[in-house]
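Here is a short briefing on one strand, its neighbours and a ring pair. Look over the fold before reading on.

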Amino acid sequence: MLDSGDLVAAIYASCAIPVMFQPLDYQGFRLIDGGVKDRPALAAAQSDERIFFHHIASKSSWRKKEDPSIQIPKRDNLASLAIYDLPRSGPLKLEVGQEAYQRAYFATRRALNMELIDSNVSVAG
């Protein structure tokens, strides 16, 4: 985890995903995106820290619906917003990103008026 130092190196490392973007060699370590090992990015959170978890539901054809890596994490002091049915963008579909962003924005606006159920709110994109 980088928590100080070269900002450019930290951003580069956060984009390094095996096979797609090469890891960063930094001070004797090879750094990759933290989401590879800690997908929900909660490992550094203190147990008593309040967390708002923004979950964009995966539509990956190679992951099963029950796969733990795409589930909303369960822990005390965590509330989540899950957005489903967003268009899938990626390195070969960058043009879809703007539509996905707009739909996520409006879904989030709708969610602000919804009631939490078990500390969660779910909305379609």
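How many bridges join strand E3 to E4, and do they run parallel or antiparallel? Six bridges join E3 (residues 51-56) to E4, and the two strands run parallel. The model is predicted: local features need pLDDT of at least 70, side-chain atom pairs count only at pLDDT 80 or more, and totals for chains, interfaces and linings use all residues. Residues are numbered from 1 along each chain as its sequence is written, and side-chain values use heavy atoms, with hydrogens and water left out.

- Helices (H or I, at least four residues) and strands (E, at least two) are DSSP runs, numbered from the N terminus.
- Strands pair if DSSP finds at least two bridges between them.
- E4 spans residues 78-84 and is mostly covered, with five of its seven residues buried (under 20% relative accessible area; exposed is over 50%, partly exposed in between; 1.4 Å probe, protein chains only).

**Aromatic pair**
- Rings of Phe, Tyr and Trp (its six-membered ring) pair if their centres lie within 6.5 Å; planes under 30 degrees apart are stacked, over 60 edge-to-face, the rest tilted.
- The count by this rule is one aromatic pair.
- Tyr105 and Phe106 have ring centres 5.1 Å apart and planes at 80 degrees, so the pair is edge-to-face.
- Tyr105 is partly exposed, at 37% relative accessible area.
- Phe106 is partly exposed too, at 45%.
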